[in-house]
Amino acid sequence: MSVTTELNFDEQRTVAYRWLSSLFMRELTREQLDSYRTGENSRFPETVAVITGPKASLNKIESELKKTHTEDSVLDLASEYGRLFLGAGGPLAVPPYESFFTSESNTTHQQAETEVSKLMAEYGIGVNSTFTEPADHVAVLLEFMAFLSTSQQDNEDMKVAFARSKSFLETHLLNWIPDFASTCAKVEPEAAATQQQGLLRTLLRQI
């Protein structure tokens with residue numbers, strides 16, 4: 001089975017958003033890394049490549065995920081994630097929240113979080129209770145975009161669904177992801193998470 005030939009464009013978008021969301025959600029476990037190396041999950045990069053075309057950042061991510069990871073390499077990736085996104089890097093940490101990049105105070109839990117929570121509530125959904133981050137965390141925003149893409153596929157009024165998806169993309173992702181990716185590249189240019197940011201920026205520009 002070929003993912004690229006059996007999925008339409010909206011389905012490819014959903015897969016791409018969900019895959020990137022999973023990479024940003026938390027430190028990758030050994031089990032996740034193994035699943036990306038073999039089986040169905042190993043096809044995610046192929047699907048993303050259909051949208052973005054060949055990209056160095058995608059190649060680097062795929063190469064990292066296809067490695068046979070040791071306990072030490074898993075810890076190294078977790079350390080990178082912690083330094084960039086969990087505050088372990090101190091002043092060099094890069095908070096993965098829309099509020100931080102769009103508020104005048106550069107702090108979290110600002111207007112962006114409130115707006116996203118309200119939008120999600122309109123669809124009767126919210127942040128999973130097992131994920132203790134605010135609604136404007138990059139992983140949540142990407143998961144919500146995947147939800148909107150799925151809704152678009154199922155919605156009879158495709159124009160309305162597409163307009164909502166496009167509006168969310170423009171007002172809650174494209175407005176800060178470029179700055180987020182650039183900051184990550186300055187702090188840790190070779191980190192796997194930085195490559196993910198570069199790929200995310202490219203993906204959002206394509207769709």
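Student: How do the residues of the lining of the largest pocket divide by class?

Tutor: Into 9 nonpolar, 3 polar and 3 charged residues. Here Ala, Val, Leu, Ile, Met, Phe, Trp, Tyr, Cys and Pro count as nonpolar, Asp, Glu, Lys and Arg as charged, and the others, Gly among them, as polar. Keep in mind that this is a predicted model, where local features need pLDDT of at least 70, side-chain atom pairs count only at pLDDT 80 or more, and totals for chains, interfaces and linings use all residues. Residues are numbered from 1 along each chain as its sequence is written, and side-chain values use heavy atoms, with hydrogens and water left out.

Student: What is a pocket, and what is a cavity?

Tutor: Rolling a probe the size of a water molecule over the atoms shows where empty space is left. On a 1 Å grid over the protein atoms alone, a cavity is a set of points where a 1.4 Å probe fits but cannot get out, while a pocket is an open set with protein on both sides within 12 Å along at least five of seven lines; lining residues have an atom within 4 Å of a point. Points are joined across faces, edges and corners, and a volume is the space filled by probe spheres set on them.

The largest pocket holds about 240 Å³ of space. Among its 15 lining residues, Gly126, Val127, Asn128, Val140 and Glu143 lie nearest the centre. Helix H9 (138-154) gives the most to this lining, with 5 residues. Helices here are DSSP runs (H or I, at least four residues), numbered from the N terminus.

Student: Which residues lie nearest the centre of the largest cavity?

Tutor: Leu28, Leu77, Ala192, Ala193 and Gln196, out of 15 lining residues. That cavity has a volume of about 160 Å³, and H6 supplies the largest share of its lining, 4 residues.

Student: Now the rings. Are the planes of Phe144 and Phe147 stacked or edge-to-face?

Tutor: Rings of Phe, Tyr and Trp (its six-membered ring) pair if their centres lie within 6.5 Å; planes under 30 degrees apart count as stacked, over 60 as edge-to-face and the rest as tilted. Phe144 and Phe147 are stacked, 5.9 Å centre to centre with 10 degrees between the planes. Both sit in helix H9, 3 residues apart.

Student: Is Phe144 buried or exposed?

Tutor: Buried means under 20% relative accessible area, exposed over 50%, partly exposed in between (1.4 Å probe, protein chains only). Phe144 has 3%, so it's buried, whereas Phe147 is partly exposed at 25%.

Methods:
Helix = DSSP H or I, 4+ residues; strand = E, 2+ residues; numbered from the N terminus.
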